[in-house]
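Work through the exercises below with the model open. Each task is followed by a stepwise solution.

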Amino acid sequence: MGIKALGYCIVETTQPERWDHFLTQVAGVMRAKDAADGAMQFRIDQRPFRLRIWQGAKDHFTAAGYEVTDAAALASLAEAIAAAGRPVEHGSADGAALRGVAAFFKTSDPAGNGLEFYHGDSVSAEPFVSPLDIPRFITGDMGMGHAVFQAPNFDETVAFYRDVVGFHETDMPRFYFGGGGPDDPGMGFAFMHADNGRHHSVALGEGPVPPSGCVHIMLELPSLLEVGKAHDRMKAHGYAESASLGQHYNDETVGFYVQTPGGFDLEIGCDSLVIDPASWEVTKHIGISIWGHEWAWQKAMKEAAAAE
Ligand SMILES: [Fe+2]
């Protein structure tokens, strides 16, 4: 049992044009040919898509798709997840073809966050070319990046990812956004890695699932130069900054957060720590950021206080 990497993310949208603009003009992602069912597909490397954006009735993160090694691993994972009481819906052959995979199933974690698992990935015959000349995104064995969810039933959901799915704990902190006084119980976080060097391929925060269905996803650029240029594009096109440039303690990523048309954030970063999953010892960081990362809500509170 084990998870190879985050392979793709699927998003439902009422505003496909806005997503297209955001991804191609801010993130520098390549728009591929639309899928057979009309969904938009976006690439950051040789995979046929990393983001599948389909037009629906709402703006909602549908699922993060994680890859497992083979058909046997997929079958035993489906069994384990069903035995843990989560719904398992095996994908059709058409659904697998749309995803560029051999087989997949849909499920959700105990908080209801959408997940898919698959095996048998594919590559596109066409080279990856960023519309904004980004030389490459950091993917390969480490997958497309990470996805972050929230769970009110935090302990149960963390146990699901660790004991049922097969992710491993990387950093298990508690963050005190309210100053850490007696009235501040803090908020649990779980950063978990797959069987690759990416510090976390999934993370969970303790709290209600946001209406968008996701907290953020992260894409990694090859340099600070590319992150800075992406930050300029966000400002030039008027997209809302959710957190200013900064650097995380735990995965050392330098980057910023921008609100996507889906309501959740996209973290665009670089220089992320690569761990050795075989020898990693679980950490418990006490802070989120070494520097920067002023969150939009912190900025708003400061401005409100100044206006009083
Ligand atoms: Fe992140």
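Metal donors are N, O and S atoms within 2.8 Å of the metal (3.2 Å for Na, K and Ca); water is not among the atoms, so sites may look incomplete. The model is predicted: local features need pLDDT of at least 70, side-chain atom pairs count only at pLDDT 80 or more, and totals for chains, interfaces and linings use all residues. Residues are numbered from 1 along each chain as its sequence is written, and side-chain values use heavy atoms, without hydrogens and water.

**Exercise 1. Find the donor residues of the iron ion and give their spacing in sequence.**

Step 1. List the donors. His146 (NE2), His216 (NE2) and Glu267 (OE) coordinate the iron ion at 2.0 to 2.1 Å.

Step 2. Write the spacing. The pattern is H-x69-H-x50-E.

Step 3. Strands (E, at least two residues) and helices (H or I, at least four) are DSSP runs, numbered from the N terminus.

**Exercise 2. Describe how H1 and H5 pack.**

Step 1. Take the axes. Helix H1 (residues 16-27) and helix H5 (residues 224-236) have axes that come within 8 Å and cross at roughly 135°. Axes are lines fitted to C-alpha atoms, for helices over the stretch in contact, and angles run from 0 to 180 degrees between N-to-C directions.

Step 2. Classify the angle. H1 and H5 are therefore oblique to each other. The classes are roughly parallel under 35 degrees, roughly antiparallel over 145, roughly perpendicular from 65 to 115, and oblique for the rest.

Step 3. Name the contact residues (heavy atoms within 4.5 Å). H1 gives Gln25, Val26 and Ala27; H5 gives Ala230, Arg233 and Met234.

Step 4. Sort them. The contact of H1 with H5 has four nonpolar, one polar and one charged residues. Nonpolar covers Ala, Val, Leu, Ile, Met, Phe, Trp, Tyr, Cys and Pro; charged covers Asp, Glu, Lys and Arg; the others, Gly among them, are polar.

**Exercise 3. Which class leads the lining of the largest pocket: nonpolar, polar or charged?**

Count by class. The lining has 16 nonpolar, 11 polar and three charged residues. Nonpolar leads.
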